[in-house]
Amino acid sequence: MITEGIVISLIAGYYDVMTPNGLVRTRARGVFRKRQEKPQVGDLVKVQLDEHGTNYLIEVFERKNRIGRPAVSNVSHVLLVISAVEPDFSVNLLDRFLTFFEWQKVPVTIYLSKSDLATKEQLEAIKSALSYYEEIGYSVFSNKKKLEKALLSLIKDNEIWTLAGQSGAGKSTLLNFLKEDAGQDTGEISKSLNRGKHTTRSVQLFTYSGGFIADTPGFSAIDLGPIKIKELQNYFVELNKASKFCKFRGCQHIHEPKCEVKELLSKNKIAQFRYDDYLALRTEIEEQRLPEYLK
Ligand SMILES: Nc1nc2c(ncn2[C@@H]2O[C@H](COP(=O)(O)OP(=O)(O)OP(=O)(O)O)[C@@H](O)[C@H]2O)c(=O)[nH]1
Ligand SMILES: [Zn+2]
C-alpha cells in the first residue's frame, strides 16, 4: 500500500513518517543516496507500506522552503523566542531575525521569555519596544499560558511551526511547557553534555494541535549576506508599506526627495530604532557585497 505523510524525525538512517494511519518507520530508497538528495524532517513524502517487511520512503514532494541547521522543510510559521534578559533583549537582534524570516517569506510570531527575571524598568522599556512591533503587524506574547491558548487555535492542520531564537533564549523550556512529553534538554543539561557549536543536533517535529512544532537550534548566525541591498527595505514591513507613497519607485529612503519613510520618521510614526537597524543592515550587506552577477 502506498500512502503519504510528513517526516517527523531521522534516527540512525530511519525516517519516521506521520501518516493518516499513524507513525511508520521507513528506510529511504537507494535512489535518494545516489542522487544525494536526502529526505529531511518536514518533508512531505510518499511511503510504501509493507506489513511484513520494510516500509520504504519512495518519493519526496517539492519543498516549499527549507530553513535552519539542521534544516526543517515546509515551515509554515516561526515562533521566535526572544528573552527579556540573559541574553538581554535587543531590537537589533529582533530585527535581524525578522528580516531573515520576511526574506524567507515565513510569518513570525514573537514570544518574550524570561520576563519574570527582568526588573520593572527593564520590562517597561521592552514592552514599549514590542508594542511597536505589534503596531506594524506582528503578534507578540509574553505570557506562556496565553501563548499556549493562542497556539491551539493558530496552528492549523499539518502546519509546521518552528521555534527560533538565540541560544539560551528559552526555546527548549517553552517546548517542554507546551509539550510535557517533549523532553528537550534545557540549559544546564546541555552544558553538562558539552554540546559544542559544531555538534550536529537532530531536529524533530512534535505533534501539536493538529500540526507540528519543531525545536530548531540552528539560527545563531543569521546570514543576511545573500539579500540584495535594494530589496532589504521589502523586509522591513512598515518601510515597504510606506514606500508605495515615496516619489521614486525603488526609493531606498536615504537621500531621495519626497520620501514617505523619511516623512513618517520625522513624525515618529516609524520608529527611529527600526530605521537605524535598516541602515545598519544595509551597511552590513554592502560591506560584503557580491558582484551583481553572482547574486
Ligand atoms: N526564569 C526563567 N528562566 C527561563 C525561562 N525560559 C528559559 N529559562 C532558562 O534559561 C536557560 C536557557 O533555556 P533553554 O530553554 O535551554 O534555551 P534554548 O533557547 O533552548 O537554548 P539552546 O538550546 O542553546 O538553543 C535555562 O536555564 C532555562 O531554565 C523563563 O521564562 N524564565
Ligand atoms: Zn522613500
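**Reading the loops, the barrel and the domains**

Me: Let's start with a loop. Where is P70 found?

Reply: Look between β6 (66-67) and β7 (72-73): P70 is found in the loop there. Keep in mind as we go that this is a predicted model.

Me: What kind of peptide bond joins R69 and P70?

Reply: For that you read omega. The bond joining R69 and P70 is cis, with omega about -5 degrees. Now try another one: E86 and P87 are joined by a cis peptide bond too, and omega is about -5 degrees. P87 is in the loop between β8 (77-83) and α2 (91-103).

Me: Okay, next angle. What is the phi of K105?

Reply: K105 isn't a glycine, yet its phi is positive, about 60 degrees. You'll find K105 in the loop between α2 and β9 (108-113).

Me: And is K105 buried or exposed?

Reply: Count the neighbours. K105 has 10 within 10 Å, so K105 is exposed.

Me: Which loop holds S209?

Reply: The one between β12 (205-208) and β13 (211-215). S209 has a positive phi of about 50 degrees, and S209 is not a glycine either. S209 counts as partly exposed because it has 17 C-beta neighbours inside 10 Å.

Me: Now the strands. In what order do the strands of the closed barrel run?

Reply: Follow the pairing from strand to strand. There are 5 strands in this closed barrel, in the order β1-β2-β3-β5-β4, and the pairing is mixed. From one strand to the next, the twist averages 55 degrees.

Me: How many bridges join β1 to β4?

Reply: 5 bridges link β1 (residues 2-11) with β4 (residues 44-48), and these two strands run antiparallel. To see the pairing at one spot, find T3, which stands opposite V47 in β4.

Me: Last one: what are the domains?

Reply: The domain assignment gives domain 1 (2-60), domain 2 (66-215) and domain 3 (229-294). To read a boundary, ask who touches whom: 9 residues of domain 1 are in contact with 13 residues of domain 2.

Me: What gives the most to the side of domain 1 that touches domain 2?

Reply: That's β1, with 4 residues. By class, that side of domain 1 has 5 nonpolar, 3 polar and 1 charged residues. As a general idea, the size of an interface is often given as the accessible area lost when the parts come together.

Conventions: Residues are numbered from 1 along each chain as its sequence is written. Chains are lettered from A and ligands numbered from 1 in the order in which they are written. This is a predicted model: local features need pLDDT of at least 70, side-chain atom pairs count only at pLDDT 80 or more; totals for chains, interfaces and linings use all residues. Two strands pair if DSSP finds at least two bridges between them. Axes are lines fitted to C-alpha atoms, for helices over the stretch in contact, and angles run from 0 to 180 degrees between N-to-C directions. A residue is buried if 20 or more other C-beta atoms lie within 10 Å of its own, exposed if 12 or fewer, and partly exposed in between; C-beta atoms are placed from the backbone. Domain bounds come from an automatic or database domain assignment. Two residues are in contact if their C-beta atoms, placed from the backbone, lie within 7 Å. Ala, Val, Leu, Ile, Met, Phe, Trp, Tyr, Cys and Pro count as nonpolar, Asp, Glu, Lys and Arg as charged, and the others, Gly among them, as polar.
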